[in-house]
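Subject: Handing over a structure, with notes on what was found in it

Dear colleague,

I am passing on the structure shown below, and I would be glad if you kept it open while you read the notes that follow.

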Amino acid sequence: MRGADPRVVLGLHRSRHERRLLTGALDLGVTALDTSTNYLGFRSHQVLAQTAGDLLPKFTVSTKVGYFPRPGGAEHSLDPVRLHAAVEQAAGDLGKEPDLVLLHNPEHSLREAGPHGQELLAEACAALDDATGKGLCAAWGIASWDPSSLVGLIDPTIPRPATLMVRAGLLVGARTLDAADALIKGWNLDPSEVWGMSPFGGSTSDPVWAKIDPRVFLGDSRQLSCVQAAFIAAYHLPRVCTVAVGTDEPAHLGELLGALVADVEERTVQEYRSLLRDRSRDQPA
């Protein structure tokens, strides 16, 4: 990989939030955690503080706001007052101000917003920008599972996020990759300001991983496992410098760290992107 060194963030989406995982991550040199207000049944922050409060100062911690509990489930909101309060609560529950707060899947509410979408997004971003200015978090950004609906809303009226988190890896479709690239260009984001998530599309045990060999993306590092090759390829689909990945096993995290020394052939990545676009054009809408 050219440019900045790739970074790994321990994502807690499916994690059991066990102390041994956090200590194992620290032993491996992974010092960044990513969670969300709604993870672990809206208890992620409290459980982290209870089980590993003494360890949290050793990590940079990112979290997300946008989902809120309601009877029987969760709801999404871009209401700036609720978002600001959620950032404040996150700092209180964690026992420290988050290093980064991400607006979580704004597209969830924007799909229903119609012509008011840009205004809603601008107000939501301004709320996080204001929370950052007041010291409730060190920085703010956007995490989007499906960024395509955001592309048409980007202009100078939308505050610029410090970080954009999008899906990354071989299971991400052409439309999502192109939308991510459009947002990166629209906000003039450096790769160091872009994070990838879900590099294995949910699980390395998915049957798809037995059918493909991601090592075709590697130059002289074919000795890596298929899992390692898929992981390092995710840093190029789209171009990111940080990937958040979840696991309950420090050994798995260590295996992924071993992939960071590999080089990915950019020409192969571009050929793959072209194939994806051709395939998406051939498919019916």
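Before the helices are described one by one, a term is needed: a crossing of two helices is called right-handed if the near helix is turned clockwise from the far one by less than a right angle, and left-handed if the near helix is turned anticlockwise. With that in hand, α1 can be said to pass α9 in a right-handed crossing. Please bear in mind throughout that this is a predicted model.

Helix pairs

Two packed helices are described by the angle between their axes and the distance between the axes. For helix α1, which covers residues 19-28, and helix α9, which covers residues 250-257, the axes come within 9 Å and cross at roughly 25 degrees. Because angles under 35 degrees count as roughly parallel, α1 is roughly parallel to α9. On the α1 side the contact involves Arg20, Leu21, Gly24, Ala25 and Leu28, and these meet Pro250, Leu253, Gly254 and Leu257 of α9. Sorted by class, the residues of this contact of α1 with α9 are 6 nonpolar, 2 polar and 1 charged.

Helix α4 (residues 80-94) and helix α6 (residues 117-133) have axes that come within 9 Å and cross at roughly 30 degrees. With 35 degrees as the cut-off, α4 is therefore roughly parallel to α6. The crossing in which α4 passes α6 is right-handed. From α4 the contact draws on Pro80, Leu83, His84 and Val87, while α6 contributes Glu123, Ala124, Ala127, Leu128, Asp130 and Ala131. In this contact of α4 with α6 there are 7 nonpolar residues, together with 1 polar and 2 charged.

Helix α9 also packs with helix α8 (residues 226-234), at an angle of about 65 degrees and with the axes 9 Å apart. The crossing of α8 and α9 is right-handed. Here Val227, Gln228 and Phe231 of α8 meet His252, Glu255 and Leu256 of α9, and by class the contact has 3 nonpolar, 2 polar and 1 charged residues.

How enclosed is α8?

The answer comes from counting buried residues: 7 of the 9 residues of α8 are buried, so this helix is largely enclosed by the rest of the structure. The buried residues of α8 are Gln228, Ala229, Ala230, Phe231, Ile232, Ala233 and Ala234. What covers them includes the strands β1 (7-11) and β10, as well as helix α9.

Cysteines

How many disulfides does a search of the whole structure find? The search finds 0. Cys226 has a relative accessible area of 26%, so it is partly exposed, whereas Cys241, at 8% relative accessibility, counts as buried.

Arg19

Arg19 lies in helix α1, and because its relative accessibility is 35%, Arg19 counts as partly exposed. Leaving aside residues up to four places away in sequence, Arg19 touches Thr51, Ala52, Asp54 and Leu55. By contrast, Gly219 is 200 residues apart from Arg19 along the chain, and the C-alpha atoms of the two are separated by 37 Å.

Backbone details

Most residues other than glycine have a negative phi, and most peptide bonds are trans.

Which form does the peptide bond from Leu237 to Pro238 take, cis or trans? This bond is cis, with omega near -5 degrees, and Pro238 lies in the loop between α8 and β10 (242-246).

Leu40 has a positive phi of about 55 degrees, although it is not a glycine. Leu40 is placed in helix α2, residues 39-42, and since its relative accessible area is 28%, Leu40 is partly exposed.

Asn188 is likewise not a glycine, and Asn188 has a positive phi of about 55 degrees. Asn188 lies in the loop between α7 (174-186) and β9 (194-197), and at 64% relative accessibility Asn188 counts as exposed.

With kind regards

Definitions and conventions. Residues numbered from 1 in each chain as written. Predicted model: local features only at pLDDT ≥ 70, side-chain atom pairs only at ≥ 80, totals over all residues. Heavy atoms only, no water. Disulfide = S-S within 2.5 Å. Buried < 20%, exposed > 50% of the residue type's maximum accessible area, 1.4 Å probe, protein only. Axes fitted to C-alpha atoms, helices over the stretch in contact; angles between N-to-C directions. Helix = DSSP H or I, 4+ residues; strand = E, 2+ residues; numbered from the N terminus. Parallel < 35°, antiparallel > 145°, perpendicular 65-115°, else oblique. Contact = heavy atoms within 4.5 Å. Nonpolar A, V, L, I, M, F, W, Y, C, P; charged D, E, K, R; others polar.
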